[in-house]
Amino acid sequence: MGKADKKSKVFKYIKIFIVPAIIIIVAAINLLFFWTDPHYSPDYEKTDILKIVGKDVLNDEDYAELFRQTGLSKTAVCEVLSKESKDALKDYQNQFFADIETEKYSFNFNITYQNFISEDSGVGPIKLASVEKGDIIITLSATTLFFNHGHTGIVVSTNPNMTLEALSPGNVSEVGSMDYWQYFSNFAILRLKGVSYEERAKIADYARENLAELPYNIIAGVFDFSNKSIPKSTQCAFVVFDAYKRFGYDIDSDGGRIVTVRDLLASDKLEVIQIYGLDPEDYIERIY
């Protein structure tokens, strides 16, 4: 047997035995330590946010309280105040505090599901305060078996809002409407820190032109992390990671071989712009 045949046989065993074993172990760890409820509703009272924004100058404590009340960071609050009005912030507060029911949408042979806001809740679409090309949108509502892996995409257009995503096995990465994200039971919008809009837009354009139509592969990037050529396959977190990596930005928070949604969410290179259905206290120390 030649070296090539031996190498091929090794990779075959890895795919058949080792990768599924790793997935089962990761799922067990995830279930025990990283499970996220479909939707977080504040367990504290609403405050009069108009009094806060009525001040001549807002400090970090003011913006932290607005984040707790609306899910909007300082960047998003400032955009709402400049493009909408002070009263518009009440809409974000009301949707952040609204009680909702969730419903599951199953796919991938019914082993994967995502949680959406139920139509009976009378809530949605959730208003997005600030979306720009290159932004990363993440939800922790996606689960396969007991693995709460989440889902992500990169914004490649804002007129209309479009994302590039790799959804599931059997499909290819593709550009589609971002509208459905406004019905997820939770989500976060992230933005690369300290980088111009023009640079972030270039990254989004690169992703749209080069990383669409790639077949889904849950272990994409594990055996080829060189970024020397367009990957032959991808998965939701890797397609986002790969776009940024090619421009010199490593947004994988733990630097491991496998890039996950939670790795992106935890990256200190990304600024939180807006959250919905997630606990503000999990993010507030990283913002203020």
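Which residues of strand β3 (residues 136–139) are buried on one side, and which on the other? The views below start from the whole chain and return to this strand.

**View 1. Overview of the predicted chain.** This is a predicted model, in which local features need pLDDT of at least 70 and side-chain atom pairs count only at pLDDT 80 or more, while totals for chains, interfaces and linings use all residues. Residues are numbered from 1 along each chain as its sequence is written, and side-chain values use heavy atoms, with hydrogens and water left out. The chain has nine helices and nine strands, taken as DSSP runs numbered from the N terminus (helices H or I, at least four residues; strands E, at least two). Of the 288 residues in the chain, 48% are buried (buried is under 20% relative accessible area, exposed over 50%, partly exposed in between; 1.4 Å probe, protein chains only). The accessible surface comes to about 14600 Å², and carbon and sulfur atoms account for 53% of that surface (Shrake-Rupley method, 1.4 Å probe; for residues, only the protein chains shown count as cover). Contacts are heavy atoms within 4.5 Å; among those between residues at least 6 apart in sequence, 64% join residues at least 24 apart.

**View 2. Strand β3 and its two partners.** Ile136 and Ile138 are buried on one side of β3, and Ile137 and Thr139 are buried on the other, which leaves both faces covered. Two strands count as paired if DSSP finds at least two bridges between them. Isoleucine 137 has glycine 153 as its bridge partner in β5 and isoleucine 189 as its bridge partner in β8.

**View 3. The open sheet β1-β2-β4.** Three strands form this open sheet in the order β1-β2-β4, with antiparallel pairing. Its edge strands, β1 (102–107) and β4 (142–144), each pair on one side only. Neighbouring strands are turned by 25 degrees against each other on average, direction ignored (axes are lines fitted to C-alpha atoms, for helices over the stretch in contact; angles run from 0 to 180 degrees between N-to-C directions). Strand β2 (residues 112–117) is joined to β4 by three bridges; one partner pair is threonine 112 with threonine 144 of β4.

**View 4. The ring pair of tyrosine 44 and phenylalanine 97.** Rings of Phe, Tyr and Trp (its six-membered ring) pair if their centres lie within 6.5 Å; planes under 30 degrees apart count as stacked, over 60 as edge-to-face and the rest as tilted. The count by this rule is ten aromatic pairs. Tyrosine 44 and phenylalanine 97 are edge-to-face because their planes stand at 90 degrees, with the centres 5.7 Å apart. The two residues lie 53 residues apart, tyrosine 44 in the loop between α1 (3–34) and α2 (49–53) and phenylalanine 97 in helix α5 (residues 88–97). Tyrosine 44 is partly exposed, at a relative accessible area of 26%, whereas phenylalanine 97 is buried, at 13%.

View 5. Tryptophan 181 and phenylalanine 184 form a tilted pair, 4.9 Å centre to centre with 55 degrees between the planes. Tryptophan 181 is buried, with a relative accessible area of 0%; phenylalanine 184 is buried, also with 0%. Ring pairs join Phe116, Tyr180, Trp181 and Phe184 in a cluster.

**View 6. Lysine 104 over a ring.** The charged end of lysine 104 sits over the ring of tyrosine 113, 4.3 Å from its centre (NZ of Lys or CZ of Arg within 6 Å of the ring centre and within 35 degrees of the ring normal).
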